[in-house]
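Hello,

Here is the structure I promised to pass on to you. Have a look at it first, then read on.

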Amino acid sequence: MLPEDFETAVDDAIDSIPADLAAAMNNVAIFIEDEYVPAPGEDPATELLGIYEGTPLTERDSWWDAGSLPDRIVIFRGPLMRMCSSRDELIDEIRITVIHEVAHHFGIDDARLHELGWG
């Protein structure tokens, strides 16, 4: 899949988020990068499909808004493309990954996401 098509698939996944939830997203930016770079001390073989970096809405207090940088959701193209064997599977996995990371923005943890089928 070409990078432009991948970006379109991410945009489509974002657009599939219900309007009321999308409107509730606050100070979050979504990016696409080729690969996850493991942090120092992390297993160098770590591959992630996406990552949420920030303070979930459920943990923000009255001081949070005072100069906080936007939260970041990063979707990693390389791992997603390697794990999928067809274009349709890739588009589906991009959607699952975007929704999974957006859920973290709303304070939903991995255990609950797995229970809901979004793990």
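Below are some notes on a helix pair and a pocket.

This is a predicted model, in which local features need pLDDT of at least 70 and side-chain atom pairs count only at pLDDT 80 or more, while totals for chains, interfaces and linings use all residues. Residues are numbered from 1 along each chain as its sequence is written, and side-chain values use heavy atoms, with hydrogens and water left out.

Helix 1 (residues 3-15) packs against helix 4 (residues 87-105) at an angle of about 50 degrees, their axes 9 Å apart. Helices here are DSSP runs of H or I with at least four residues, numbered from the N terminus. Axes are lines fitted to C-alpha atoms over the stretch in contact, and angles run from 0 to 180 degrees between N-to-C directions.

Which residues of helix 1 and helix 4 make the contact? Helix 1 brings D5, F6, A9, V10, A13 and I14, and helix 4 brings R87, L90, I91, I94, R95 and V98; contact means heavy atoms within 4.5 Å.

As for the pocket, helix 4 gives the largest share of the lining of the largest pocket, 4 residues.

Best wishes

Conventions: Helix = DSSP H or I, 4+ residues; strand = E, 2+ residues; numbered from the N terminus.
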